[in-house]
Amino acid sequence: MNFRMLVVWMVGVLAVCGAESETFMGTAARTGTYKRPLLIVDGKRFELKASDQADASVGETLARFSAGDTNWYAVVGIRGLVNNNEGILVDRITPLANGPAVAGTGVSGGQAVAGHALPGPAQAPPAVHAKVVTVGADRYLVYNYDDLATMQYTVVIPESLKTVRGLLVNACYAGGDSRGDWTFCEYYRQFMHLHGFAYVGSTATAGALPLPVKTNDTAYAKHRAIFEAFQASLQMIATVSRHPELAHAPYAGVGFSAGGGFAFNLMVFAPERTLAAVSYASPYNFKRRLTSPPSETLLGVPSICISGEQEGFNVPDFNTDPSLGKAIIDEVFLPYRPKGATYAWLERQGLGHAYDENRQDVVGIPLLDAAVRARYPKDGNPTKGPVKLLPVDAAAGWIADNTTWKSGLTEIYPASDFKGDPGRSSWLQNEDLAFIYRAYSTYDKPLTMTSPGNCGPGMPSLAPGASVPIVVDASNFPGWKTMAFYDGARKLAEITQGPTRFTATNLTPGYHVFSVLATDANGNVRTADPKMVIVRASP
């Protein structure tokens with residue numbers, strides 16, 4: 001078995017002969033005559049020397065190597081000549097509790113590798129605990145990084161997945177815990193299989209450890225610190241899991257409340273790495289997350305904020321948190337949508353600060369799915385370094401008029417046909433998403449889709465080729481003359497009489513969101529809440 005782990009640390013490139021900082025895992029040793037410190041990696045000897053950047057603890061640890069220490073260590077440094085032999089100029093050394101067995105596919109619960117603790121209060125060293133979890137017919141490698149001074153993160157990788165292409169990051173709300181959501185939320189779990197992604201969940205202990213930042217803005221510092229703690233956790237899990245590509249895998253972010261805010265942290269602090277971001281009940285709020293105007297790359301990250309009508313995010317007298325200011329949607333949309341920001345906003349009728357009964361994922365997950373399919377390059381390979389995401393073409397998208405939610409039917413247009421105020425509009429990647437958005441955002445819908453059921457974490461997935469009955473209650477719109485059934489923007493059928501139902505057949509793997517449009521004799525068009533089903537990836 002190859003016990004060597006090599007990852008490029010994201011803290012930057014150290015310019016020594018053009019080399020990059022690397023992390024080596026191996027056993028401590030010493031030379032025979034002069035007892036100089038060594039690291040044995042896969043049977044290969046590396047002589048060790050403290051670099052100019054190393055602190056005193058590195059020299060102390062190397063002295064223990066020379067005295068006979070034979071424990072496991074992670075050594076961070078740059079390759080170079082040491083005493084005219086192949087060696088490592090060492091920046092940091094981290095002791096490992098259990099050696100390489102933790103990273104194998106047969107790992108059992110309770111094994112751990114000590115992590116590199118971030119600066120903070122004295123505490124026991126954080127650790128990565130690894131185990132195998134079976135859900136249904138599939139097995140998953142689960143890596144828990146426990147660092148209570150910052151946050152506890154879990155990375156879940158399908159056991160059969162050799163290379164993690166990306167990360168579905170579902171951060172939790174304040175006081176919550178999203179680490180296990182993947183076990184019961186079918187559409188999150190199937191996202192991994194559909195796209196070759198890993199899942200990332202967390203507990204709500206973020207923000208306790210502010211990291212050094214060049215600003216006096218404490219709100220910015222807190223958000224930046226939370227993001228940097230997340231990156232540090234991923235680096236340690238990348239090492240232990242033997243998936244170094246985690247250091248470069250792109251993000252697809254989703255979350256409720258503080259978790260939604262974290263999804264926006266991803267796009268703000270790593271826009272070049274974020275495929276899309278979806279937030280439920282948390283605003284973009286660039287005032288807290290930026291110290292300068294957003295870059296073109298940030299403006300080009302497809303994203304949506306879905307808030308509740310009762311939250312009042314955009315009313316002039318918004319004062320739930322005075323530090324947020326007033327009209328916190330306009331604060332972003334009025335200046336940046338006219339500049340091509342690929343952002344959307346949807347205010348859910350009657351909803352407060354809560355998950356919806358027909359959960360907001362009915363819009364958010366198809367948006368993330370579409371972004372992965374459109375932005376991930378065919379030759380993208382995070383094992384070779386950062387993946388250069390494809391830009392979206394704002395002119396090729398669709399636009400929803402945010403001023404028409406209460407008009408009976410939200411108005412949607414191809415981007416080239418929209419003549420309204422761009423600052424009060426939402427950008428959507430394609431026509432499918434526009435149809436879903438229209439159905440979900442429209443107020444006072446007279447139609448009700450009774451099958452499929454509401455979108456929620458307990459909804460089951462379906463096998464490829466499955467059929468689904470679409471059933472509509474039209475009792476509150478008795479004068480309808482025609483009724484059309486849609487899967488995304490694709491019309492499945494149109495009826496003029498008889499039972500208000502249709503069966504969608506031979507469904508392909510992926511997310512299917514159904515909506516209906518009914519028209520009465522006066523030409524009034526009305527809709528129902530959209531409903532989603534998930535079809536598993538083909539074996």
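This is a predicted model: local features need pLDDT of at least 70, side-chain atom pairs count only at pLDDT 80 or more; totals for chains, interfaces and linings use all residues.
Biologist: Why is F485 called buried?

Modeller: Buried means under 20% relative accessible area. F485 has 0% relative accessibility, so F485 counts as buried.

Biologist: And what is F502 called, with its relative accessible area of 25%?

Modeller: The label "partly exposed" covers values between the buried limit of 20% and the exposed limit of 50%. F502 has 25%, so F502 is partly exposed.

Biologist: Why is the ring pair of F485 and F502 called tilted?

Modeller: Stacked needs planes under 30 degrees apart and edge-to-face needs over 60, with the rest called tilted. The planes of F485 and F502 are at 35°, with ring centres 6.0 Å apart, so this pair is tilted. F485 sits in strand β22 (residues 480-487) and F502 in strand β24 (residues 501-504), so the pair ties together parts 17 residues apart in sequence.

Biologist: How many aromatic pairs does a search of the whole structure find?

Modeller: The search finds 24.

Biologist: What makes F230 and F262 an edge-to-face pair?

Modeller: Two values do it. The ring centres must lie within 6.5 Å, and the planes must be over 60 degrees apart. For F230 and F262 the centres are 5.2 Å apart and the planes are at 80°, so the pair is edge-to-face. This pair links distant parts of the chain, with F230 in helix α4 (residues 218-241) and F262 in helix α5 (residues 258-269), 32 residues apart. Both F230 and F262 are buried.

Biologist: Which residues do ring pairs link into a cluster with F230?

Modeller: The cluster holds Y153, Y220, F227, F230, Y251, F262 and F269. Leaving out residues up to four places away in sequence, F230 touches Y153, V169, V200, Y251, F262 and L266.

Biologist: Which residues touch the most other members of the largest nonpolar core?

Modeller: L167, F230 and Y343 do, in a core of 112 residues. Helix α4 gives the most to this core, with nine residues. There is also a second, separate core of 19 residues, and M449, V468, A504 and V516 are among them.

Biologist: How do you know that strand β10 is largely enclosed?

Modeller: Count the buried residues: six of the six in β10 (residues 166-171) are buried, so the strand is largely enclosed by the rest of the structure. G166, L168 and N170 point one way, while L167, V169 and A171 point the other way.

Biologist: What makes β10 and β11 a pair of strands?

Modeller: Pairing takes at least two bridges. β10 and strand β11 (residues 197-202) run parallel and are joined by five bridges, and L168 has Y199 as its bridge partner. Strand β12 (residues 251-256) also pairs with β10 in the parallel sense, over five bridges. There, N170 has V254 as its partner.

Biologist: In what sense do β16 and β18 pair?

Modeller: Strand β16 (residues 398-401) and β18 pair in the antiparallel sense, over four bridges.

Biologist: Why is helix α10 called largely enclosed?

Modeller: Nine of the 11 residues in α10 (residues 431-441) are buried, so the helix is largely enclosed by the rest of the structure. The buried ones include F435, Y437 and Y440. At the start of α10, a side-chain oxygen of N430 comes to within 3.2 Å of the backbone nitrogen of D432.

Biologist: What sits over the ring of Y440?

Modeller: The charged end of R348, 3.7 Å from the ring centre, and the distance limit is 6 Å. Likewise, R165 lies over the face of Y376, at 3.9 Å from the ring centre.

Technical notes:
Residues are numbered from 1 along each chain as its sequence is written. Side-chain values use heavy atoms; hydrogens and water are left out. Helices (H or I, at least four residues) and strands (E, at least two) are DSSP runs, numbered from the N terminus. Buried means under 20% relative accessible area, exposed over 50%, partly exposed in between (1.4 Å probe, protein chains only). A charge sits over a ring if NZ of Lys or CZ of Arg is within 6 Å of the ring centre and within 35 degrees of the ring normal. A polar contact is a pair of N or O atoms within 3.5 Å; within protein, one must be able to donate a hydrogen and the other to accept it, and residues adjacent in sequence count only if both atoms are side-chain atoms. A nonpolar core is a set of buried Ala, Val, Leu, Ile, Met, Phe, Trp, Tyr and Cys residues joined through side-chain atoms within 4.5 Å. Contact means heavy atoms within 4.5 Å.
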